[in-house]
Structures are given as C-alpha cells and as structure tokens.
Amino acid sequence: MKYIFFFNAIVLTFLMAFMPEDPFTVNGKVTDTNGNVIAYVGIAEKGTGNITQTDNNGAFTITVKKENAVLIFSYVGYETQEVKVAGKSNLNIIMVPAIRKLEEVVVIGYGTQKKKDIIGAAQEYKASAVLQGKANGVYVRRAPAPASRMYDKAEYNLYDQEDEGYNTEDYNGITENRFLTVKDNPLSTFSIDVDAASYSNIRRFLNNGQLPPAGAVRIEEMINYFHYDYAQPKDDKPFAIHTEIAESPWNAAHRLVLVSLQGKKIPTENIPASNLTFLIDVSGSMQDENKLPLVKQSMKLLVDQMREQDKVAIVVYAGNAGLVLPPTSGANKQTIKDAIEKLEAGGSTAGGEGIMLAYKVAGENFIKGGNNRVVLCSDGDFNVGMSSDAEMEKLIEQKKKMGIFLTVLGYGMGNYKDNKMQILADKGNGNHAYIDNMSEAKKVLVSEFGGTMFTIAKDVKLQVEFNPSKVQAYRLIGYENRMLNKEDFNNDKKDAGEMGSGHTVTALYEVIPVGVKSDFVEKVDALKYQKNSGDINNHSPELMTVKFRYKNPDADVSKLIEHAVSDEHIALRNTSDNFRFAAAVAQFGMLLRDSEFKRNASFNNTLSLASSALGSDEEGYRKEFVQLVQKAGGLAKKISKHKRDDIAGRE
C-alpha cells in the first residue's frame, strides 16, 4: 500500500509539472524619471507574440501565460527593460532615458568616432580654426553639406546617430516651394501624397534628442500623418472635397487655404480578397532590435487582420533571395506566424533579386479584381546584386501596370535609405511608412489596414486655378517632390499617387491677397512681344477652383471632379480643429526646415495652436505631437545657446 501511495504521488507531481498554468493578468502604469506618464510604450511577453501598449494615461493591462513571465518594455529614446512578473498583478515601471556619453564622442560631419581614436584629429580642428563650437564635451564641426542635405541651414549638427562607425542615412534634398504670381502662374498642379513616413522618422530623431536633417522634413507627410474629422463622401462618389480659409498663423497679412480630400471608407469585411507577398530584408544590416525583430512583430499584427479568403506568401533576401512560405490562407495564422518567427538576419543585401522573386510569386497567385500587393520591409540598404535604382524602378512600374502594387515599410536607424524607399513606393503606386515602434506598427497595419493595403483610386492629381482679382500670389506648402506640369493634369499617361480606403489628403496654400505689399512677390519685367492680359473677372466671388482627377484601380481613363471655393475667410480662432491642427503641423515643419517663409512662426505659437485643436484624439497622436514640439523647442534653444557662446568666445 505504501508503494502505491508513493507511486501515485510521483505520478501526480509529474502531471502537475506538465499541466498548463492559468493565465495571469498584470496591470500597471509606465512613467519617466520625473513622474510623467508615457503613452504608447510597447509591452511584450518575452518569447511569445503577446504584445500590448500603454494608453494615453500610461496605463496597461496584459494577460500573460504564467505568473513567472518576463515583460519587455520598450520606447524610443528610453532604455529597454525586462521585468519579471514574479506573481505580481500590479507593476509600476519607470523608464530611464537612453543617454549616450557624449563626452566620449567627437562628432565630425554626419558620422561619429570614438574619441580615443581621433584625439589628434580634434586637436587639428582646433588649431585650424574650423571648429565651430563645443557642446557638452563634443566638438562639432560643420562639414560641407552633401546633396542629400542641401536644405540644411543649421550651423550646428547634432546628428550623431551611432557611437561607432559612420551614419549613412540618405535623404534627398528639398527645394522649398516659392511664391508664384497668379498673373504668370494661375495654375498649381501636383500629385497627392498619403505617405506618412517623414513624421514618424522625425519623431524618432526628436525622441533620441536630435533635430532631424532638413531633407527628412516633408511637410505634406507630416500633415497627412494625422486623422482629420472630414465628412465622408455622399452617394456613390469615392471622394469628398473640403476647403477652409483663414489668416495665416505666422503672417497675419496672408491667408491660409486648406484643401482636403476624404476617401470613402470601405469596411474591412467588404475589401476584396488580398494576395499579399511579404518581402522581408534579412541581411546583416537588419540585426538591430528596431529592425528585423520589430519587422517580425509588425508582420504578426498584419497577419491578425487576414481573412480566410486572403493569401500570404513570404519571400526573404540577404545574399540570395528565397521563398520561405508559399501562398497560405489567412485562416492558417499560426502557420504564417511560425514562418515569421523563424526569420534571422545575416549576410549581404541582394534587394533587386528579392523584389524580382516577390513579384514572380505575386503574379503567379494573382487574384483578378483583388488586392494584389508586395509588402517590402527593409532599411532600404540595397548594396549587392541588382541594386540599380533605374532597373528596380522599371520592374516596379511594369508590375504596377499589371495590377500589383507596392507597400514600403521602413525600419531602423544609422543606415536608413529614406530616398530609395520613397522612390520604390512612388514607382509602385504604393505607400511608404516608417515603423519606429510597435505603436506605429499598430497604426499602419491595424488601425489603418484598409488605407495601407487597399487602393480605391490611383493616379490622383489636384489642380488649383486662382482668381487673379482675389489672389496676388500663392505658395503650396510641401509637396515639393510631387509637383506636376500643368499639362500633366489631363494626361492620363502621367503617373501620380494612390489613395486607400478611408485615406485623407490635406494640402495648405499660403495666399497673398491682392493689394497686400510683400517682399515675397518678385517683380518681372514687362513682356516685349506679348501684351499683358487685362481680362480679369473682378466680379467673381470665387477665390479659386479645385479640380481633382483620378482613376479607378483597374481603369486607364481618369474621372474629373471640380469644386469652386468662395472668398469666405474667417478668424483663425473660429476655424475647425482640422484647420488649426494642420496649420500647427505645417508651422512646425517650417521651423524644423528653418524656412525663409516662416516669418513670425515659433515653437510657442505652434504649441498654442496645436493645443487648441486636440479634438477627441482617441489614439493620442495629437498629444504626442505637442510633446514633440516641446522637445524640438528645447533642442533648438540648446543649439542657439551653443552658437551664441561660440560667437562670444571668438570675440
């Protein structure tokens, strides 16, 4: 009997050891070292795909598999923490800023080196009088600006992304739109842009304690990052046009005109079947935590949105390209997630070969009338194989004509190729987002899934005709890389941007009314062989007419919508939250660029304007914007002080 008792005890112990533990719920709050709550901190249960994030009040709730689980807390600009639950149902986490020891780094141009390696070089800079200043133990020298930084006016560059090696991030230069007289240029024509990569990239810089390079500041993408409360289109129309006019916040003598498009929101269940091919960069440059590991977490979020009728394939590329998951139904989510989880980084980057294979897989599984798309996840650092931009652009344009679009998701820092990612997305009738944390991944791949993944219109163009009896000159704020010739508007062969389900597009024009004296209006000599037209309709109440041209995703012929705008402006304080917030974002972009048109713009003015237009802000993105403006203002003051101290030292 005694033996039976011991045998049963052993069996019971054995069974209990292998019994699954009950799920355990953990609540808590995340704050910084000053006690301020931090919203949208990423929280993951280690070794699982279980993730969540803090809300606007810094609070969180997560149900883990067992009481001794480990939670990982991560947020850009703060040290990542691993915390053992240890049976505690409530955790209060204090995030510590990720502060680099700047006194150990000498910043030269756009990269960094360890101080011990270049002490002699620093002494040489001081002796040759090219040293511009010293900040917190860091010698900062102004290097000749490369083409990708042509718009950067800052004398002090704190762009020191990494402590080892050189920063090789690439950004195309931006030549800011100038004021044009209506007499000589009555038409303004541009392609829409629903990309939002610039804003999340700027956020990454500011959260790391740096002002972004000017080439990274695309104001139209900053504005279009946010949700706006525009009315949905009526009847069967795919779009609604909205306009609003008030005085400019940074120049009271000028007016600001908001022009917006609201795309029809299609319920996810009504979106046609999707044929998605994930093209994932697993090269050695993707090893960092904010690259491939974040890609894997992002893709799992996207998989959760898949339906049974959707198909997912995975192509990877490093030294070679390969198919790691054949087209698989969205019903088999665990199979897809298992394939994602097995991905590891290593090797060089044959991006061109990977793109070719991804398009081949997408073409072989093409769904007629469906959503056929390649989703590229990379830092854009293509350096081996078919890496010619022209070759890849040609391939992507060909596949676009066949109905296979491209979504580009950028990751990482230090070697991020923003310019290349922009080109690929534009040529593929796709969109470009920059994923800097899990909160952004959720925004792009969950909250905005329909807009990111399903196109409702392609080759979308806007053309505005200004009334010369009302408007003396105008300037489109942003969209510098999207400008079109006036003839391109009616040319259906001319490529333009795409618009997704529920997407909004917002554009701002700064307008100089007739009769207002301005230094921005440049005079041109009278023509010798042509007479100036005196045919001006002085009786029209219209300020301008907005024309909008688009194609259905499977069509080759465009459709036209027109909208006349009356000259009815109101006081800035009486405008909608949409108007004031968009104006605040535009002003912020002008300050980051150090725009020659910023006039009375300031960080304080931007804060006041944005704070008055937070609206419902359910996701907290507008409140986060206010925090970023505060950070940028502090950094700008710091740089200004260093500049003043340096000048005083030289005198």
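Which residue in β21 does valine 408 stand opposite? It is histidine 432. Welcome to this predicted model, where local features need pLDDT of at least 70, side-chain atom pairs count only at pLDDT 80 or more, and totals for chains, interfaces and linings use all residues. Residues are numbered from 1 along each chain as its sequence is written, and side-chain values use heavy atoms, with hydrogens and water left out.

**The chain as a whole**
- The protein chain holds 14 helices and 27 strands, taken as DSSP runs (helices H or I, at least four residues; strands E, at least two) and numbered from the N terminus.
- Of its 651 residues, 53% count as buried, meaning under 20% relative accessible area with a 1.4 Å probe, protein chains only.
- The protein chain exposes about 29,500 Å², and carbon and sulfur atoms supply 50% of that area, by the Shrake-Rupley method with a 1.4 Å probe.

**A sheet of 6 strands**
- Six strands form an open sheet in the order β18-β17-β16-β19-β20-β21, with mixed pairing; two strands pair if DSSP finds at least two bridges between them.
- β18 (321-329) and β21 (431-434) stand at the edges with a single partner strand each, so one side of each has no neighbour in the sheet.
- On average, neighbouring strands of this sheet are turned by 15° against each other, direction ignored.
- Strand β20 (residues 404-410) pairs with β21 in the parallel sense over 4 bridges.

**A helix across the sheet**
- Helix α5 (residues 292-303) lies across β16 (274-281), β19 (371-378) and β20, running at about 170° to β16.
- Such angles run from 0 to 180 degrees between N-to-C directions, with axes fitted to C-alpha atoms, for helices over the stretch in contact (heavy atoms within 4.5 Å).

Technical notes. Buried means under 20% relative accessible area, exposed over 50%, partly exposed in between (1.4 Å probe, protein chains only).
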